[in-house]
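Here is a friendly walk through a structure, moving from how its parts are laid out to where they touch. Have the 3D view open as you read.

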Protein chains: 2
Amino acid sequence: MKSELWYTEEYTEHIRFSYRVTDLLLRKQTSYQLLEILETPEFGRLMLLDGKVMVTQRDEHIYHEMLVHPAMLAHPKPEKVLVIGGGDGGSIREIVRHKDVKKAVLAEIDDEVIEASKRYFPKLTSGLSDPRVQLQIGDAAAFVADAVKFNEKYDICFIDCTDVAGPGPVDIASSLITDEFLDNINTLLSPNGIMVAQSETPVYSIDYLKRYVKRLSQRFTYVASYVIMVPSYAGLWSLTWASESVDPNTVISRKAPEGIRYFSPGIFKGALEMGKVQFWEKIV
Amino acid sequence: MKSELWYTEEYTEHIRFSYRVTDLLLRKQTSYQLLEILETPEFGRLMLLDGKVMVTQRDEHIYHEMLVHPAMLAHPKPEKVLVIGGGDGGSIREIVRHKDVKKAVLAEIDDEVIEASKRYFPKLTSGLSDPRVQLQIGDAAAFVADAVKFNEKYDICFIDCTDVAGPGPVDIASSLITDEFLDNINTLLSPNGIMVAQSETPVYSIDYLKRYVKRLSQRFTYVASYVIMVPSYAGLWSLTWASESVDPNTVISRKAPEGIRYFSPGIFKGALEMGKVQFWEKIV
């Protein structure tokens, strides 16, 4: 009889979520973080960074589709798109489904994440070979600051970073929530520009989400969180939209591209309803 | 140093959710089930039946408000209301907030659940002393069959029962999902009658939910699930609405009663969007 293996993620110091594990496929300390790939019966393969779930085969499509498609379909003509983080490739895969896109930049600090994803999650990285995609390996905050200096513009910017709220290490993504970074993103966006960022789970990180929404509201006209259901992300996760001119409540009338499995305008509408911060405050 | 205690609920044989426990307040085998009350730092007190979470102090209001108020506000004049299960008292507490109610019957098989709730969860049982409330201790399926025999009618019926899908024991509630029971509920409801049932988590029990919705659709004109966020119920839980004449998508225009902490028409609308079964099928 084989040993019984479990991987446990701590949502808070008092709450744990555990997956039965059938194999440890990779464990490697990169220059930036501990990278692990596990095999599980319920969620398929999991990628962990510093002990926290980044993607699972079962539900990664929900997160990536709900991060990418609302903004891509709300923007009149998204040609230049930037992904910050997102080294697993999932966001780029969804972005390149859109024919308007001329250039999609992936600004990822850790190229070993990209390489591991290519090997262990080939479905996630299928978009990386698209000729419109540019990899930008390095510090994304510095890349954004440089782009601002040279007056570059992007139509949409996705902040697809590792955790920025505890428990556990948050240092690697901490440069992506500074005032300077948010100001730079605001400057970087073209007139109809939109940013969408992962903004932690409202279940256990409502204080972070509230502060983040408040800070974005000081910089953008339209700010709204929407809550998506991702079983491996504490059940529910929030994404936050910010734009000077594009209201997320605008009806999305353009047709979604081929190949989408989960996203629909109806579920986005529901996610916006569920994303109103006051609902979550009442759970604490 | 005190021992470190954890209570773990199995969502499937491969997935576990664990709460740090600071005290075991009650452990008692009743005539029907094992009843336990735990103290936890993250969720306050928990009531377990046969090892599964029934209510927690932190999030019980979300479940009870979302179960009760949509139907109560959609029905033109809910005077007679039946709760099946619900021995913790939370559903009755929400029902008696409505002034139209003349009679609210709680059909609970296990009076020790009611007694324990009175002692350990006084906020849940505050409605049980309302003069409009009748306790009906015994087998709810037999009570419903008798009521049908005597041609009694109820305006709204809430099925607030223990788990009907595994893993773990489901026997105690199994009489509440038979064809005969569903037929009886249909007969029991008055012309504008509505039933709302807890219908398990779509995350891990989508097959159960699909079958249940299908079986109700064979009996009722309007059937819709809605998904609510309850951190201690696998993050998300489904409630299913069935009625011959009241569409859950009807705009709720009546004012909600005083004392509600979480429910709003907007969050119900979002919950209905999130409850469409096809979204959940795509997660499996």
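## Two domains in chain A

In this predicted model, the centres of domain 1 and domain 2 of chain A, taken over C-alpha atoms, are 22 Å apart. The domain assignment places domain 1 of chain A at 5–56 and domain 2 of chain A at 60–281.

## Where the domains touch

Let's look at the contact between them. On one side stand 23 residues of domain 1 of chain A, and on the other 21 residues of domain 2 of chain A. For the domain 1 side, at least two residues each come from β1 (5–12), β3 (23–29), β4 (34–40), β5 (44–49) and β6 (52–56) of chain A. The largest share belongs to β6(A), with 5 residues.

## Chain A meets chain B

Now to the contact between chains. Here 30 residues of chain A are in contact with 30 residues of chain B. On the chain A side, β2 (15–21), β13 (235–243) and α7 (265–274) each give at least two residues. By class, that side of chain A holds 15 nonpolar, 7 polar and 8 charged residues.

## A strand pair across the chains

Notes. Residues are numbered from 1 along each chain as its sequence is written. Chains are lettered from A and ligands numbered from 1 in the order in which they are written. This is a predicted model: local features need pLDDT of at least 70, side-chain atom pairs count only at pLDDT 80 or more; totals for chains, interfaces and linings use all residues. Domain bounds come from an automatic or database domain assignment. Two residues are in contact if their C-beta atoms, placed from the backbone, lie within 7 Å. Helices (H or I, at least four residues) and strands (E, at least two) are DSSP runs, numbered from the N terminus. Ala, Val, Leu, Ile, Met, Phe, Trp, Tyr, Cys and Pro count as nonpolar, Asp, Glu, Lys and Arg as charged, and the others, Gly among them, as polar.
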